[in-house]
Amino acid sequence: QVQLVESGGGLVQPGGSLRLSCAASGTSVRIDYMGWYRQAPGKQRELVAKIRSDGTTVYADSEKGRFTISRDNAKNMVYLQMNNLKPEDTAVYYCRSIAQNSWGQGTQVTVSS
């Protein structure tokens, strides 16, 4: 059974940074296809970034250059480094095992002054 636990969310001022973490069990982030998604109030869940087993990454256009997805195979963790955060980045961020179609419970990110 795949379990994904996100952490690292919080309140940050515009222009600030956060690093989200996703602890995975029941799957290997090294061979899985892992992603970060987000859902803002009243909006559909959307892709933020994903990383394939070969290490290649895909980003939504609005996050290119600001966000970086990475993984630590030894720790079985996936990360999302978010820089230059904007109020429109406010959302619940979810980790997903795309290969297993499993989701974490989400972590809230709020960007506000």
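This is a short tour of one structure, stop by stop, with a residue or strand to select at each. The model is predicted.

**Stop 1: the salt bridges**

Start with charge. Side chains of opposite charge can pair when their charged atoms come close. In this model the count of salt bridges is three. Select Arg38, Glu46, Arg66 and Asp89 together, and show their side chains. These four residues are linked in a network of salt bridges.

Begin with Glu46 and Arg38. Their side chains meet in a salt bridge, at 2.8 Å from N to O. Glu46 is partly exposed, with a relative accessible area of 37%. Arg38 is buried, because its relative accessible area is 6% and the cut-off for buried is under 20%.

Stay on Arg38 and pick Asp89. Which kind of contact do the side chains of Asp89 and Arg38 make? They meet in a salt bridge, with 2.9 Å between N and O. This pair links distant parts of the chain. Asp89 sits in the loop between β8 (77-82) and β9 (91-97), while Arg38 belongs to strand β4 (residues 34-39). The two are 51 residues apart.

Is Asp89 buried or exposed? Asp89 is buried, with a relative accessibility of 0%.

Arg66 counts as buried, at 9% relative accessibility.

**Stop 2: the four-stranded sheet**

Switch to cartoon view. Select β1, β3, β7 and β8. They make an open sheet of four strands, in the order β1-β3-β8-β7, with antiparallel pairing. Look at the two ends of that order. β1 (3-7) and β7 are the edge strands, each with a single partner, so one side of each has no neighbour in the sheet. Now view the strands face on. Neighbouring strands of this sheet are turned by 15 degrees against each other on average, direction ignored.

Zoom in on β7 and β8. How many bridges join β7 to β8? Six bridges do, and the two strands run antiparallel. The bridge partner of Ile69 is Leu80, in β8.

**Stop 3: two asparagines in loops**

Follow the chain into the loop between β7 and β8, where Asn76 lies. Check its backbone angles. Asn76 has a positive phi of about 55 degrees, although Asn76 is not a glycine. Asn76 counts as buried, at 16% relative accessibility.

Next go to the loop between β8 and β9 and select Asn84. Asn84 also has a positive phi, of about 50 degrees, and is likewise not a glycine. Asn84 is partly exposed, with a relative accessible area of 43%.

**Stop 4: the aromatic cluster**

Select Tyr37, Tyr94 and Trp103. Together they form one aromatic cluster. A pair of aromatic rings is described by the distance of the centres and the angle of the planes. The structure holds two such pairs.

Take Tyr37 and Trp103. They form an edge-to-face pair, 5.0 Å centre to centre, with 65 degrees between the planes. Tyr37 is in strand β4 and Trp103 in strand β10 (residues 102-103), so the pair ties together parts that are 66 residues apart in sequence. Tyr37 is buried, with a relative accessible area of 10%. Trp103 counts as partly exposed, at 33% relative accessibility.

Then take Tyr94 and Trp103. This pair is edge-to-face as well, at 6.3 Å centre to centre and 85 degrees between the planes. Tyr94 is buried, with a relative accessible area of 13%.

**Stop 5: arginines over rings**

Arg45 lies over the face of Trp103, at 4.5 Å from the ring centre.

Finish with Arg19 and Tyr79. What sits over the ring of Tyr79? The charged end of Arg19 does, 4.2 Å from the ring centre.

Note on methods
Residues are numbered from 1 along each chain as its sequence is written. This is a predicted model: local features need pLDDT of at least 70, side-chain atom pairs count only at pLDDT 80 or more; totals for chains, interfaces and linings use all residues. Side-chain values use heavy atoms; hydrogens and water are left out. Buried means under 20% relative accessible area, exposed over 50%, partly exposed in between (1.4 Å probe, protein chains only). Two strands pair if DSSP finds at least two bridges between them. Axes are lines fitted to C-alpha atoms, for helices over the stretch in contact, and angles run from 0 to 180 degrees between N-to-C directions. Rings of Phe, Tyr and Trp (its six-membered ring) pair if their centres lie within 6.5 Å; planes under 30 degrees apart count as stacked, over 60 as edge-to-face and the rest as tilted. A charge sits over a ring if NZ of Lys or CZ of Arg is within 6 Å of the ring centre and within 35 degrees of the ring normal.
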